[in-house]
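Student: Before we start, I would like to go through this protein with you and ask what lies behind each term that is applied to it.

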Amino acid sequence: MTRKIILSFLTFSFLLLTFSGCRFIKSDISKMNVILAIGIDGNVDNYTVTTRVFEASSTEEAKDAKTSIYSSSGKTVSQAVNGLTSAIGNNPLLSQSSVIIIGKETAQNGIKEILEYFISDDYIGPSAAVVVSAEKAEDIIFADELENFLPTDRFTNMIRASWENGTGVNTKFAEAIVKCENRFSDFTLPVIEFDSSKHIVTKSAAVFRNDVLTSIIDEDVIKGLLFLSDNIKGGYLSVEDTGGEEASLKIIKSSSIIQTDMDNGKIVLNIKISTQLSVTEFRNGKFSDETVDKLNKDLSKKIKSLAENSYNKVIKENTSDPINIGRRLYIDRKISSSVTDENFRKMLSQSQVNIEVNAKISRSGLF
């Protein structure tokens, strides 16, 4: 099944290349190898690039299509990638890569050089996903399970669709590039790892300050950050009220309004979160108006608790800024561009937040 999916994807990609004026158009496609995923490990002066490659030997042999793994090393990312041509024996078609996987140790030493190289030199599509491996990137590339994450709708959609499993925001290649350039704005990338069954999952996220990984946060902390900063569509929450009524709910939409201010040098935030949910499972079946009111209150408390916990752990304790506090203050002229990074981080650690949540359960089509 996986072969059929990959073949369909590649057939479409090759047609697209034929009509798009792509820089590879004059090359013989049978002499190219489409890189489906790229893994980056190592650091400055010692990078290793590991790739999962579709071998496009000829159309007659398409029924025997397969993927293979190749590696190359170099003092720079450029040298390591250029070495792939010798390792593969054909020209690597980098533009069709679905995902760039960066090893944890590499991410801790900075990813700006890596991302800038790929976007300036090799034209990987801006919608390609960027993720961090919990260990080495090559571990993910070598895993047979990786092929299950390379469908025609691309790796990025898998990440977007699994919000409830703890994926983070800013997963796109182009978005990560922009975030690396913004001194008053930190960002997160999904972390992929193996579960106990050796499946590849995304249950956590890496928080970056400028371009350096500073911490890894878990599913509940990610959800809290998303409630604080995003317009959310999809995802699930469960709640139990004080009377023992239990319900599972789907998020229809959630949005937040963040007002930033300065009070005697201290950052003060007032955040209003509005969330609309629908019931997917109601265990005790007592779906009365009184029960709905209770659950609305308990949901509001739960979302507020998630948001406050995320704020305290990520923003105050780790002095990271994934909800763009600094950028908001700068745009509103409440903080000067002359403020040093050290002083700004100190402001974050001493900041104050007031969070108000209004959660509403929709009864439409229920019971």
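Student: How much accessible surface does the protein chain have, and what share of it belongs to carbon and sulfur atoms?

Tutor: The accessible surface of the protein chain comes to about 17500 Å², and 46% of it belongs to carbon and sulfur atoms; such areas come from the Shrake-Rupley method with a 1.4 Å probe, and for residues only the protein chains shown count as cover. This is a predicted model, in which local features need pLDDT of at least 70 and side-chain atom pairs count only at pLDDT 80 or more, while totals for chains, interfaces and linings use all residues. Residues are numbered from 1 along each chain as its sequence is written, and side-chain values use heavy atoms, with hydrogens and water left out.

Student: What makes a residue count as buried, and what percentage of the chain does so?

Tutor: Buried means under 20% relative accessible area, exposed over 50%, and partly exposed in between, with a 1.4 Å probe and protein chains only; of the 367 residues of the protein chain, 50% count as buried.

Student: Why is a set of residues called a nonpolar core, and which residues have the most contacts inside the largest one?

Tutor: The name applies to buried Ala, Val, Leu, Ile, Met, Phe, Trp, Tyr and Cys residues joined through side-chain atoms within 4.5 Å. The largest such core has 46 residues, and those with the most contacts inside it are Leu228, Leu269, Ile273, Ile323 and Ile325. Helix H9 (residues 289–317) gives the most to this core, with nine residues. Apart from it lies another core of 32 residues, including Val81, Ile88, Ala128 and Phe208.

Student: Which residues of H2 are buried, and how do you know where they lie around the helix?

Tutor: Val77, Ala80, Val81, Leu84 and Ile88 are the buried residues of H2. Seen down the axis of H2, they fall within an arc of 95°, so they line one face of the helix; the arc is that of the directions from the helix axis to the C-beta atoms.

Student: Which residues are buried in helix H11, and which exposed residues lie on the face turned away?

Tutor: In H11 (residues 341–349), Phe344, Arg345, Met347 and Leu348 are buried. Their arc is 155°, so they line one face of the helix, whereas the face turned away from the buried side carries the exposed residues Glu342 and Lys346.

Definitions and conventions. Helix = DSSP H or I, 4+ residues; strand = E, 2+ residues; numbered from the N terminus.
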